[in-house]
Amino acid sequence: MAMMTRDSYVASLDDGRRIFAEGEQVKDLSRHPQFATAIELVGQGYADYYRPGDDASGPYFDIPRSPAQLKELLSELLHWDMVTVTTSQGLLALLTAAARMRADHPEASARIEDYFDYCRRNDLRCVQAITDAKGDRRLPPGAQEDPDVYTRIVERRPDGVVIRGAKLHISSAAVCHELVVMPTKNMKPGEEDYAIACAVPVNAPGVRIVNTSYAPREREGDFPVSAKHNMPEGFIIFDDVFVPAERVFLDGQVGHSATFAHALGLWERLGGTAHMSEFADQLVGLAQLIAEANGTERINHIREKIAEMVIYATMVRSGLEAAIANAEESPEGWYFPSELYTNAAKHYAAADYSLMVRHLHDIGGGSILTAPSTADLDNDEVGPLIKKYMRTKDGIDGDYRTRLFHAIRDFTADAYGGWQLVTMLQSGGGLYAQRLVARKHYDMDKAKRAALELAGLA
């Protein structure tokens, strides 16, 4: 097999997949406006990395074999589209799970490695389907009124399994090739049917994906960020989907039901922290630019807020660097980021992100929401007057300042900004999950010994 071109990627989406949007089934994904930007972004990624040859593969299939290679991978990841990022993170998470399961289930680990090679050889994009509908959160999977609210095995056959359920919040599912299904949490004895991890093609019979989107449909000039960077959000329904045995990585082994979620959480949190370090710098830049445009950059409370944003950006990047510097080697020679530093960094970045956005809004002012549209700027009658009154000083004309307000609104205070705010908290699991993992990997005994020595009680 060989790498895909942009055209072959677009053609690969016409495979009989059942995609729904705005109450209707989408017959031609490549021509539907809700998916146009996403397909263009992924297609450009294929175009950028295409190389001829049967053995060629993209850097998104690289496996880090040193902390330096891990750092290089993260640097490249910042320039990839979301689908390519999730492909890399998801497959590395599968390899992490394989390393952790090998002693108990060598056959499952071998299937994972075969699947990784299959995706690499065919240049496929995959997303991770982990979050279940969950029903009544007070009840475990087996006690739910509807047993399907957690994805489960409904039939075991000699050649595979049949699964039923739904997976929510699966970004870009409609424009990828493969869905990597895994348990949303640790399962207990008696919940073997819910301990299912497997790979399902998007076009498999019984798979349907219902999509929502934060993409702007009009006034694209007023949405300089989200008009160019948006992905559909998938609600995936598995309606008695058959999965061949070679694509099943977990089948009732409850002891490893959380292995996949923990592995995915590690890589998603690392990638999330890498992106948040970039977003933090962008927030600082926007705050400084709008303060200068407003003429408030020397006011003390403005300077203090920006200084706090600078410290936030620096500490997020420091946590990311620590996660890489303390990377751990698996027996296979693969390098995984530090669990402790990855989770601590992601928690800090996510917990304080909304405060940094609040600082930006406080610095910018009400025009973040009320600045006239770019179409009004271009109007012959009112455009010159808008530019006159939006101007503040030499070097800051009304057009520039208005467009800066639109960038801040689009990035932090509109549909994309709301998506971003929730995503910062929820990607890789909520804040509680990061606290749990950080505590698990923190050397508490060392801390207690230090405290006992300090108290003279050692």
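Reply: **Strand S5 and its surroundings**

Strand S5 is joined to strand S9 (residues 233-244) by 9 bridges, and the two run antiparallel. The model is a predicted one, in which local features need pLDDT of at least 70 and side-chain atom pairs count only at pLDDT 80 or more, while totals for chains, interfaces and linings use all residues. Residues are numbered from 1 along each chain as its sequence is written, and side-chain values use heavy atoms, with hydrogens and water left out.

Strands (E, at least two residues) and helices (H or I, at least four) are DSSP runs, numbered from the N terminus. Two strands are said to pair if DSSP finds at least two bridges between them.

S4 and S5 form a hairpin, with 2 residues between them.

How far is S5 enclosed by the rest of the structure? Of the 12 residues of S5 (residues 160-171), 10 are buried, so the strand is largely enclosed. Buried means under 20% relative accessible area, exposed means over 50%, and partly exposed lies in between (1.4 Å probe, protein chains only).

Strand S7 (residues 196-201) is mostly covered as well, with 5 of its 6 residues buried. It is joined to strand S6 (residues 178-181) by 4 bridges, and these two run antiparallel; Glu 178 stands opposite Pro 201 in S7. S7 is also joined to strand S10 (residues 248-251), by 3 bridges and in an antiparallel manner, and Ala 197 stands opposite Leu 250 in S10.

UniProt positions are given in the numbering used here, feature names are shortened, and annotations may be inferred rather than shown by experiment. Over residues 5-250 the chain is 28% helix and 24% strand, and the end C-alpha atoms are 33 Å apart. The annotation "domain: HpaB/PvcC/4-BUDH C-terminal" covers residues 259-455, over which the chain is 78% helix and 2% strand.
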